[in-house]
Structures are given as C-alpha cells and as structure tokens.
Amino acid sequence: MSGAIAARPHRAGWRLPRLGPLWLALPGVIFLGVFFAYPVAQLLGLSLVDPATGAFSTATYQRIAGTDVYLRVLGITFRIAGYTALYSLLIGYPLAYWLARLPDMFRGRMLLFVMVPFWTSYLVKTFAWMIVLGRSGIINALATGSGIVDQPLALLHNEFGVMVGMVHAMVPLAVMTLLPVMAGIDRRLVQAAQTLGASPAHAFWLVYFKLSLPGVAAAGLLVFISSLGFFIVPAFLGGRRETMLAQLIITQIQELLNWPFAGALAAMMLATALISCWLYDRLFGLSTIAGGSAQVSTGRIRDLGLVILGWIAALAGKLAALTRMVLGKRGSGLLLPLVAWLTIAFLVVPTLLVIPLAFTSSQFLEFPPPGYSLTWFETYFASPLWIQATIRSFLVAFATAVAATTVGGFTALALANSRTRWGGLIFAFFLAPMIVPRIVIAVGLFYLFARMGLIATDLGLIIGHTVLAIPFTLVTIAAVLKSYDQRLDQAAATLGANRLRTLVGVTIPLVKGGLVAAFLFAFITSFDELTIAIFISGGIKTTLPKQMWDDMILQLNPTLAAVSVVVFVVVTVMLVTAERFRRTP
Amino acid sequence: MTVVAIQPHGGERPPKLVVEGLCKRYGATTALEASSLSVGEGEFLTLLGPSGSGKTTLLQLICGLVEASEGRVIIDGRDQSRTPVHQRDIGLVFQHYALFPHLTVAENIAFPLKMRGRAAAEIARRVTDTLEMVHLGHLAQRFPRELSGGQQQRVALARCFVYQPSIILMDEPLGALDKKLREHMQIEIKRLHRESGATIVYVTHDQEEALALSDRICLMNHARIEQLGTPREIYERPRTAFAADFIGISNIFRGTATANGALETAHGLFALPDGARCDDGKGALVIRPEHLHLGAEAGNSVSGTVSEIVYAGSETRIIARLGDGATLVLRLGPGETVPGLDERIVAGWQRDKAVLVS
C-alpha cells in the first residue's frame with residue numbers, strides 16, 4: 001500500500017517524452033543517418049569544395065562540363081538507362097499481365113521464374129551472357145556450326161551486348177514492381193467495360209492499362225535509376241563506347257584517387273535519380289511504389305491522355321482483329337502465354353546454361369562441353385582463396401541478415417503502430433538506400449570508412465551491406481504486419497499480457513514467416529553484393545562476388561562457372577525457403 | 001397489386017429474352033442444369049435463391065461473361081449465344097458497382113455512349129438527363145471514391161440506363177448497402193423501371209427484396225429452377241417445401257397421404273385442402289404463421305408449449321415447441337390475447353389455408 005504511493009512521484013520522473021511507438025524506429029534512423037545519409041551528403045559536399053584550399057568551388061563541375069569525354073559518358077549512361085527502362089517495360093508488361101491473371105496457387109509457382117532471376121547475382125548473369133554471346137560462345141558456335149553464318153557475329157563488346165545484359169538484369173525488377181499494381185486492379189472493371197459495349201481492346205487500354213499506369217511508371221523509374229549506377233554489365237558486355245558513369249567513378253577513385261571528381265560524378269548521378277523521383281511524385285505520387293493508391297491527375301493532360309488511349313485502343317482493336325483473322329480465335333488466345341513463356345525462357349535459360357559448363361572436362365568454356373568431370377569444383381574447393389572468400393561471404397551475409405532484420409523489424413513495428421505523419425517520412429527514408437544508386441553509397445562509405453579505419457574489415461562490409469538490406473527487410477516485415485490483426489495485441493493486453501509478453505508470445509510467433517523471409521532476403525542481398533565489396537573489402541580479404549569480379553577481369557575460366565553454380569544454388573535454395581516461409585504464417 | 005403475368009411463349013407482349021436449355025458445367029460440377037425461361041418486354045424478373053443455387057451463373061450466361069456448355073440465349077428474337085459480351089447490347093449492374101475509379105461520374109456514365117460512337121452533343125445531353133433521373137446532377141465531376149455507397153449505386157444504375165440496353169441485368173446490386181438505404185434504393189429501382197420501361201433481370205438472395213420488386217420470381221435451388229411465377233403465386237401456392245420455406249416463414253409438416261384425403265404426420269392426422277392430392281403418397285403441408293390462430297380446429301390443430309414471444313409492433317410472433325422438438329410460428333395481430341411463456345397452447349387453421357407441397 002505505502003509502496004504504491006511512494007512509487008508514484010518516482011514514476012512520473014521516469015516518463016519519456018511521448019513519441020509513441022515511433023521510438024522503436026530510432027536505432028534504425030540513427031544507423032541510416034550515420035552510415036547512409038551522412039556519407040552521401042558528404043560526398044556531394046566534397047564535389048563543391050576545392051581540395052587544396054577547402055573553399056567553395058565549382059571547378060570540378062566546370063571540368064565535367066568542359067570535357068567532351070565526360071559529357072559523352074553522361075549521354076551514354078542516360079541513353080542506356082532510358083532504353084533499358086523502355087525495353088524492360090515492353091518485355092516485362094506482358095509477363096506481369098499474364099502472371100496477374102493466373103489463379104493464385106499457380107501464380108505463386110510461376111513467380112519463382114521471376115524471383116530467381118531477380119535475386120541471381122548480376123555477376124552470374126553477366127558471366128552467363130559472356131558465354132552465350134561471346135565470339136566462340138553458344139550462339140556463335142551454333143550459328144557457325146550449322147553454317148548459317150561463316151564469320152562469328154559480333155554480339156559482345158558493343159551496345160547490343162550491353163542492352164541484352166541490362167534488360168535481362170532489369171526485367172525481373174520491372175515485373176516485380178508491376179505485379180502488385182496489376183493484382184490490385186479489380187478484374188470486374190474490365191468485364192463491366194465489356195458489358196457496356198467496349199471491345200476487348202478498348203476494355204484493356206481504356207480501363208486495365210490506364211489503371212496499371214502507376215505501376216508502369218514506378219517500374220520505369222526503378223529500372224531507370226538502377227540502370228544509372230550499373231557497371232558490371234557494361235564492363236563485361238560493352239565496349240569502350242558503352243562506358244557508363246559508374247565505371248568512370250570507379251576509375252577515378254581506384255586508379256586516379258581523384259575524390260572531388262568522383263564526388264561530382266556521383267552527385268550528378270544522384271541528382272538525376274532524385275529529379276526522376278521528383279517528376280514521378282509530381283505525376284503519380286510516390287506512395288504507389290509502396291502500394292498506396294495513386295492520386296488522379298486532373299485537367300487537360302488527363303483528357304489528352306484518355307484521348308490518346310482511345311486511339312491506341314482503336315489501333316489495337318484493328319490489330320487484334322487482324323491477328324484473329326490470321327491465327328484464328330484459339331491461336332490468338334495462345335499468343336499471351338507464348339510471349340510470357342518466351343520471356344521466362346529469356347530470363348532463366350542463360351543462367352541454366354552455365355551449369356553444364358561447370359562440369360566440363362575441357363580447359364576452356366566450350367559449349368557443348370566435350371566431356372564431363374568435377375575438375376573445376378575440385379579446383380574451387382582446393383583453392384584457399386576461393387574458400388576463404390566463400391566463408392567470408394557467408395559470415396558477412398549472416399551478420400548482415402541479423403542486423404538488417406532486427407532494424408527492419410523494429411522499424412516496421414514502429415510504423416505499423418504509429419498513426420502520425422512522421423510515419424510516411426520515416427518509411428521513405430528507410431527505402432532511400434534502394435533508390436540512391438549503390439555506387440554513390442559505396443563511394444560515400446569508402447570515404448567515411450577510410451577515416452574510421454574500417455576499410456578491409458568485416459565490420460565495414462557488414463555495415464555497408466546492412467544499409468542496402470534494410471529496405472528489403474522493412475518492406476517484407478511491413479507487408480506481414482499490415483495483414484496482421486492488431487486486435488490480437490489488444491486482446492492479449494486485455495487478457496493481462498504486458499508489452500514484451502505480447503510481442504514475444506503473440507506478435508512474433510504470428511509474423512514468424514515474414515521475419516524468416518526478411519532474414520533470407522537480407523542474406524541474399526549481402527551474399528550477392530559487389531559494389532560495396534569492391535571498395536570496402538581489401539586486397540586479400542575478399543568476398544565471393546569480389547573474387548569473381550577480379551577473376552572475370554583477368555580471364556574467363558571454368559572455375560568461374562563452378563563458382564557461379566555454387567552461388568546460384570545457394571541463392572535459389574534460400575529464395576525458395578524464403579518464399580515458403582512468407583506464404584505460411 | 002396489379003401484376004401482369006407473362007406466360008412463357010404465350011403472353012401478349014413479345015418475349016424480350018428467351019433462354020432455352022441453358023446449361024453450364026465446370027468439369028464434373030454443374031453450375032446450372034439445363035434451364036429455360038422467357039422474359040417479356042418491360043418485365044421485372046428476379047432470380048432468387050440461396051448462394052450456390054446457380055442464379056449468378058444464369059445471369060453471367062445471359063450477358064455472355066461466361067460461355068454456355070449447352071443451350072441458347074435469344075434476345076429480341078435473335079440467337080445471341082455466340083455473340084461476344086460487348087456486342088450483346090445488355091446492361092449489367094455489378095454487385096460492387098464496378099465503377100471506373102479513374103473516370104469521373106459523368107465520364108463513367110458517358111462510357112457506354114462513347115463506346116457506341118455517339119456524337120459528343122448527344123452524349124452530353126443524355127448524361128445530364130440520366131444524372132437528373134438519379135438525382136446526382138451536382139456530383140457529375142466527382143470521382144467514384146468520393147461518393148457514398150448509395151450514390152455509387154445510383155451512378156452504376158445511371159451508367160446502365162443511359163444507353164437503354166435491350167435488357168438490364170442486376171447482380172445483387174443492393175447487397176453492399178445497409179437495410180435503410182436498401183429499402184430506399186428498392187423504391188428507386190422500381191421508379192426507374194416504371195419510368196424507363198426497361199426489361200430487368202434481377203439477382204438476389206433476399207426474398208423480401210424479390211417480393212417487393214418483381215413482376216415474376218424465378219426461384220432457384222441446386223443449380224436449377226425450382227418454381228417460376230408471380231410473387232403472389234409463389235407465396236400463396238408454393239410447389240415445393242423449399243419454395244415454401246425460402247419465401248416467407250412457413251410451418252411445414254411432412255407426412256404420408258392416407259386414403260381418405262388426410263396427411264399422416266408426426267404431429268397427427270391433418271385434413272388436406274380441397275382438390276389437393278399427392279401422387280407418390282408423400283407430401284408436406286405448409287401453413288403460414290398468419291393463417292394460424294389460437295384454439296382448436298377440427299382435424300387441423302397442433303399443441304405445444306410457448307418458448308419465445310417476439311413483439312414486433314404491428315404483430316406479435318409466438319414461437320412454440322411441439323412434442324418432438326419441432327417449432328411452430330404463429331402470428332397474432334394487435335389486440336389479440338398473448339399467451340404467457342411456457343404456457344401450453346393449441347393452434348389451428350382453416351383447412352383451405354394450408355397448401356400441400358411435394
């Protein structure tokens with residue numbers, strides 16, 4: 001009795017200022033502030049400072065504007081990123097449309113054909129295309145062998161090679177962005193349009209396509225921004241004339257140690273990304289990326305848009321009638337599945353072709369292999385360099401997954417329970433590492449870590465990878481929490497459980513599937529990561545992707561195929577497990 | 001109530017819609033057994049039944065959203081069985097309205113006219129007229145999500161009435177509204193039907209709604225038509241126990257017919273109404289609660305214990321437990337003496353008020 005009275009003033013003194021559940025997001029905000037926002041901002045600042053005097057200077061930008069080569073690289077980067085976005089949409093839209101129409105159970109299975117390529121390392125995918133498109137690659141071997149052409153076709157080290165590699169790498173991202181928007185479109189609206197007299201073509205373009213536009217724009221935006229920072233594909237599949245901005249940044253830092261200049265180039269890349277985001281936000285609203293509802297534009301532009309869609313529909317209607325005449329009703333009905341399966345083949349087959357090459361008995365990457373052996377796996381397992389890199393990758397990935405899942409989980413919990421306007425802002429901040437090109441983050445972290453003595457340390461790698469993995473864990477856990485019935489927590493509270501007991505006894509068991517999936521996604525993100533590894537991991541202390549990169553620059557060899565298979569298998573197993581966990585709560 | 005009953009293939013008005021042996025199978029399951037019916041010009045026909053009874057399938061077959069396994073759909077004398085949806089000239093009001101979220105109210109209503117390539121001036125005029133008809137003129141420039149449920153419903157109706165399709169189909173259009181609004185919209189739909197003279201096929205599982213709106217009701221159960229007739233016919237002359245049970249409240253006594261014109265049931269021997277006979281010897285006697293009164297009637301009474309008394313303003317409903325645990329519902333008008341709870345009562349009915357069903 002007296003204890004309770006005495007405790008009262010004591011408790012009042014203990015009380016924290018009321019920010020509500022958002023307190024849970026604070027560790028993540030601080031982490032991203034220190035290791036993401038600060039280094040990126042500093043990098044931008046660096047580009048505006050004279051390295052000798054420390055005074056404000058726009059000299060570096062003047063140098064960029066005054067040098068032909070840099071302007072050309074900028075132009076090339078925009079052109080390649082733009083075309084990549086365009087082709088990824090053209091190829092990804094029919095596949096996403098087909099997937100969205102499938103029955104739920106079947107779609108889950110088909111989705112793996114998109115998920116696996118999405119998470120497969122860019123290095124493995126690029127390696128696969130080098131084998132397929134090379135001078136003595138699979139296509140040329142088949143073409144010259146069958147006598148279709150007598151000279152090998154130049155498929156590599158030109159813009160064609162870069163576009164194939166880029167589009168192949170980006171179609172999965174486009175599809176994954178389009179799908180949620182398409183799944184949210186009420187199919188009865190298309191039926192309604194048809195009962196009201198719209199032909200199938202009109203119903204599709206005026207209703208379905210119009211409603212899917214925010215998804216199209218979001219996919220285009222994400223692909224464009226991701227493509228801006230690409231360097232793996234142009235480095236291996238492109239020639240000198242396809243040099244992109246990110247390659248220039250790497251050269252500036254690794255070979256010329258020109259920090260301000262690299263900063264200026266990174267700043268321009270970031271500015272482009274931000275301007276694209278701003279434009280998108282003005283036109284569609286950023287919330288659509290996170291699955292919110294799109295704002296509807298009004299006025300002249302909207303009317304014009306509807307008129308244009310009307311023309312497209314009329315044209316498409318004629319085209320459809322023509323197709324039906326040529327192929328018949330049944331034939332034209334098979335067109336969409338055919339296109340979808342061809343796209344899936346384009347996404348999956350090149351990577352699968354690496355597998356037989358890993359078991360070749362030859363010293364070279366010939367296709368088909370003259371014989372089969374386990375030589376290259378033996379080489380891989382016997383090499384201390386490869387094995388150390390593999391072990392390091394596993395350890396770093398594990399630590400990253402733990403850190404990113406914890407931060408992402410608490411932040412998701414904070415956002416799910418918060419109703420303030422800060423919620424949206426914090427969500428956007430946590431997604432930012434996905435929007436800002438990786439190369440910009442990597443360079444910024446390199447500069448920061450150089451002064452903190454974290455270069456060539458595992459901790460440095462883990463921090464860098466955690467920054468990249470947090471958006472994935474947050475989105476995954478937030479999605480699970482969204483469908484989680486908050487009343488269960490309230491029920492637990494009324495039944496006498498305190499906050500902690502509720503979290504441990506009710507919430508976590510129910511969202512376990514999402515947590516495991518988030519953990520595995522973070523693991524894969526780190527396991528596949530190259531950009532940060534190039535800068536942060538030191539000479540001997542490499543990760544698996546870094547070791548692959550170094551080897552691929554030196555010379556292609558069948559060991560790389562064996563390593564690719566190992567990476568591919570690890571990632572696929574993790575992914576299938578993650579998907580299983582995500583589905584079963 | 002004046003009801004023009006249109007006989008299949010024989011009414012004064014030409015049939016607007018004829019369905020002949022229409023049937024839909026999905027693999028081994030049958031969504032609709034071969035069914036035939038005919039709807040006259042300007043008629044309001046309701047497809048009524050519990051969920052899974054095939055009513056929505058029949059509707060989708062008529063409008064062409066689902067392709068029939070067998071049978072024909074004839075609209076205005078022309079076989080439309082193979083015509084694609086958008087060329088059938090039917091209107092469909094969806095259960096959840098299916099308004100286009102990216103178009104304004106006016107644009108939603110203009111949509112079918114645009115699809116038919118009407119002139120801009122005509123479209124503008126008819127959209128305005130139709131909006132006035134549903135009292136939504138002031139909301140023309142709003143988007144659907146800015147409207148209440150009832151307003152969205154009116155837009156959906158307007159979008160259908162605006163192009164005067166030969167038949168308007170409605171798929172549980174009032175299902176998402178609350179009771180008060182639903183009753184209000186029923187009156188609205190009745191008015192629109194009267195003013196436009198449209199032929200309407202309406203789907204619902206709500207028997208009160210069906211009784212209130214329809215010229216004729218097509219009662220469906222287990223993927224087939226159970227009974228087709230005017231509301232009065234179905235209520236007063238149900239043909240099956242299901243029909244009697246589904247429409248209104250019924251007391252049903254199953255039994256076997258005896259040689260001297262009576263039905264032997266678990267509750268005693270009941271006299272059959274004049275002219276009623278059951279062919280296979282088995283049958284059920286249906287007595288509506290309003291035809292039951294307190295007190296015995298020779299050969300037509302049962303006894304039980306009052307288990308519940310429900311006061312409903314204009315009437316009082318007495319629920320009594322019979323000997324074998326079955327319940328009996330009877331209705332007492334205002335001023336009648338209400339028995340007490342657990343009191344033993346005897347209830348009787350006039351022989352001709354009962355209906356014998358199969």
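Which residues does A:V440 touch, not counting residues up to four places away in sequence? Some notes on that and on the rest of the model, which is a predicted one.

1. **The core around A:V440.** Leaving out residues up to four places away in sequence, A:V440 touches A:V40, A:L43, A:G229, A:A266, A:M269 and A:L270. A:V440 belongs to the largest nonpolar core, a set of 164 residues. Within that core, the residues that touch the most other members are A:A96, A:L178, A:I249, A:L265, A:A266, A:V440 and A:V443.

2. **What the record says about chain A.** UniProt, in an unreviewed entry, puts "domain: ABC transmembrane type-1" on residues 74-280 and 390-578 of chain A. Take the piece at 74-280 of chain A: the span is 80% helix and 0% strand, and its end C-alpha atoms are 21 Å apart.

3. **What the record says about chain B.** Here the UniProt label, again from an unreviewed entry, is "domain: ABC transporter", given for residues 17-247 of chain B. That span of chain B comes out at 36% helix and 26% strand, with 25 Å between its end C-alpha atoms.

4. **Chain B as a whole.** You'll find eight helices and 20 strands in chain B. Its C-alpha atoms fill a box of roughly 75 × 45 × 40 Å along the principal axes. Of the 358 residues in chain B, 42% are buried. If you look at chain B contacts with a separation of 6 or more, 66% of them are between residues 24 or more positions apart.

5. **Where the chains touch.** On the chain B side 17 residues are in contact with 16 residues of chain A. The elements of chain B giving two or more residues to that side are β6 (90-93) and α2 (105-115). By type, the chain B side divides into 12 nonpolar, three polar and two charged residues.

6. **A closer look at β6(B).** Which way do the residues of β6(B) point? B:I90 and B:L92 point one way, B:G91 and B:V93 point the other way, and all are buried. β6(B) pairs in the parallel sense with β7 (residues 167-171) of chain B, over four bridges.

7. **The six-strand sheet.** β6 and β7 of chain B sit in an open sheet of six strands, ordered β6-β7-β8-β3-β9-β10, with mixed pairing. β6 and β10 (224-229) of chain B are the edge strands, each pairing on one side only. From one strand to the next, the twist averages 20°.

8. **The four-strand sheet.** Chain B also has an open sheet with the order β2-β1-β4-β5, and here the pairing is antiparallel. Its edge strands are β2 (29-40) and β5 (78-79) of chain B, each with pairing on one side only. β4 (residues 70-75) and β5 of chain B are joined by two bridges and run antiparallel, with B:I75 opposite B:R78. Helix α1 (residues 55-63) of chain B packs on this sheet, touching β1 (15-26), β2 and β4 of chain B. The direction of α1(B) makes about 115° with that of β1(B).

9. **β14(B) and its partners.** Is β14 (residues 282-287) of chain B mostly covered or mostly exposed? Mostly covered: five of its six residues are buried. β14(B) runs antiparallel to β11 (residues 251-257) of chain B, and six bridges join the two. β14(B) also pairs in the antiparallel sense with β20 (residues 355-357) of chain B, over three bridges.

Methods:
Residues are numbered from 1 along each chain as its sequence is written. Chains are lettered from A and ligands numbered from 1 in the order in which they are written. This is a predicted model: local features need pLDDT of at least 70, side-chain atom pairs count only at pLDDT 80 or more; totals for chains, interfaces and linings use all residues. UniProt positions are given in the numbering used here, feature names are shortened, and annotations may be inferred rather than shown by experiment. Two residues are in contact if their C-beta atoms, placed from the backbone, lie within 7 Å. Ala, Val, Leu, Ile, Met, Phe, Trp, Tyr, Cys and Pro count as nonpolar, Asp, Glu, Lys and Arg as charged, and the others, Gly among them, as polar. A residue is buried if 20 or more other C-beta atoms lie within 10 Å of its own, exposed if 12 or fewer, and partly exposed in between; C-beta atoms are placed from the backbone. Two strands pair if DSSP finds at least two bridges between them. Axes are lines fitted to C-alpha atoms, for helices over the stretch in contact, and angles run from 0 to 180 degrees between N-to-C directions. A nonpolar core is a set of buried Ala, Val, Leu, Ile, Met, Phe, Trp, Tyr and Cys residues joined through C-beta atoms within 7 Å.
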